[in-house]
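Please go through the model below with this report at hand.

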Protein chains: 2
Amino acid sequence: MSKKSTQTEFKLWEMNKVWDVLTDEQKAYIDENAVVYTFKKNEIIHHEGDTPTHMMMLVRGKVRVYKEGVGNRSQIIRMLKPCDFFGYRAMIADGTYNTSVSAFEESVVYFVKKEAFLNVIQENNRFCYLFMVEMARDLGVADTRSVNLTQKHIRGRLAEALLSLKDNYGLDEDQATLSMYMSREDLANLSNMTTSNAIRTLSQFADEGVISIDGRKIKLLDEEQLVRISRMG
Amino acid sequence: MSKKSTQTEFKLWEMNKVWDVLTDEQKAYIDENAVVYTFKKNEIIHHEGDTPTHMMMLVRGKVRVYKEGVGNRSQIIRMLKPCDFFGYRAMIADGTYNTSVSAFEESVVYFVKKEAFLNVIQENNRFCYLFMVEMARDLGVADTRSVNLTQKHIRGRLAEALLSLKDNYGLDEDQATLSMYMSREDLANLSNMTTSNAIRTLSQFADEGVISIDGRKIKLLDEEQLVRISRMG
DNA sequence: CATTAACTATGCTGTAAAACACAAAAATTT
DNA sequence: AAATTTTTGTGTTTTACAGCATAGTTAATG
């Protein structure tokens, strides 16, 4: 896909401020070495163990970053939204992908060739630093998540997941309904529990008036209480 | 502490290959802005929530990086050995420390002022990139750890912890005894379980002939079996 | 629109691991 | 060396959660 077409399709360079630090030449070089793909719902973008060939930016849609765990249980590490980068960690650490990524809904992804990305990152200091900041944040989140998932009880973990969905994707126009309509299974994989426990706990929350449920739409009724639950189980 | 003294005390620049990419001026600048401290066993080096003022390199000893969890339970994120860097993530992400660090045994730490470190990292591309690689690796480890700790059973988690101690610190001259003599409590905090379960499971392993125990000395007798246990609980 | 498949809901059962309780043994401190 | 604290070891109880079964409900597909 040519440079022209990515720029007419969507304002690529405006999507993430990270691009701002590139020179015009570097931008051109990146875009010459990039393609755009569309993925259908649940299609796998890359799989744990694969060798990285591109760094990616999500243009449209939503994707999940997850790891296959023990006995069919998968754990969602994080959910991405448009303008988020992914797939660069493995190539910087010089290894294979540690996680899998699949489309949560129909998604458009901008693929930049490994070579091109690594070249630019090593010639543009500011660009490198911004990715470093990105990773430093992710690492902080990862460590916190690890303690949350291992030490909090089911209610706390689910409450936390709901709050993080709010932070990440925001609310519908009613200022209460999560804009992210996830299946119970995904919600379970995000909060490290079985699907039935996600369902059970969700209805518990509804019974208590903390949330209300309409299919996959979850309305947060008492966010303070949700925070309280997430803090102490 | 003067530059001269750090260089006579220990060969600072030889401790970690990361220093190699600095110019002599940059090295001098770093060292002018650095001090060396010694910490007693169990002394806290920095605490979760503190504002970072230095990046650090462990010179001698061992330290634990951990997070206080729910209800007095702490989780060891990783154990460091000499030449390892720490404390730089928070200042790159521009936040407070996300983890606490305490000396596992008497330890010597090289402290580089935040300003100096950030300046050099932003002026030396290669230096920046090397820290990025460091973080990319840590992030991979963190994600894997998260799945291990949440999905594996006690036996698997403990086996994994023992193997990671071997990888990180190696073995005594007998080529079997872990060079790291940890308390049962630390071992528990590393493998996300209660102290009594660490003790119990450790004796179980000993009964099964996988390891043998002499106080805090743990001898690995059947590493293959340990790998098997770690893989499938 | 009928059939199949996927998702949601709820109850029941089993169990892994936490919590608690108490000794005994080491290690520290006085 | 006595006294106190910390660590290790083991048994018992409790419980949070996984696992399974089943049924209703919604969505996908021929």
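B:Ile44 has B:Ser102 as its bridge partner in E7(B). In this chain, E2(B) and strand E7 (residues 100–103) run antiparallel and are joined by 2 bridges. Strands here pair if DSSP finds at least two bridges between them. Helices (H or I, at least four residues) and strands (E, at least two) are DSSP runs, numbered from the N terminus.

This is a predicted model, in which local features need pLDDT of at least 70, side-chain atom pairs count only at pLDDT 80 or more, and totals for chains, interfaces and linings use all residues. Residues are numbered from 1 along each chain as its sequence is written, while chains are lettered from A and ligands numbered from 1 in the order in which they are written.

The open sheet of chain B has 4 strands in the order E2-E7-E4-E5, with antiparallel pairing. Its edge strands, E2 (44–46) and E5 (74–80) of chain B, each pair on one side only. From one strand to the next, the twist averages 35 degrees; axes are lines fitted to C-alpha atoms, for helices over the stretch in contact, and angles run from 0 to 180 degrees between N-to-C directions.

Between the chains, 37 residues of chain A are in contact with 37 residues of chain B (C-beta atoms, placed from the backbone, within 7 Å). On the side of chain A that touches chain B, strand E5 (74–80), helix H4 (89–93) and helix H6 (125–151) of chain A each supply at least two residues. H6(A) gives the most to that side, with 21 residues.

Chain A is superposed on chain B by a rotation of 180 degrees with 0.0 Å of shift along its axis (RMSD 0.0 Å). That is the relation of a two-fold axis. The same surface serves both copies, since 100% of the contact residues of chain A recur in chain B. The superposition is by least squares on the C-alpha atoms of residues with pLDDT of at least 70 in both copies.

DNA strand D is surrounded by 19 residues, the closest being A:His153, A:Ile154, B:Ser183, B:Arg184 and B:Ser196. A residue is near a strand if its C-beta atom, placed from the backbone, lies within 6 Å of it. Helix H9 (195–207) of chain A, helix H8 (184–190) of chain B and helix H9 (195–207) of chain B each supply at least two residues of this surface. The largest share, 6 residues, comes from H9(B).

The table gives both surfaces by class.

| Side of chain A that touches chain B | 15 nonpolar residues | 14 polar residues | 8 charged residues |

Ala, Val, Leu, Ile, Met, Phe, Trp, Tyr, Cys and Pro count as nonpolar, Asp, Glu, Lys and Arg as charged, and the others, Gly among them, as polar.

How values were computed
Two residues are in contact if their C-beta atoms, placed from the backbone, lie within 7 Å.
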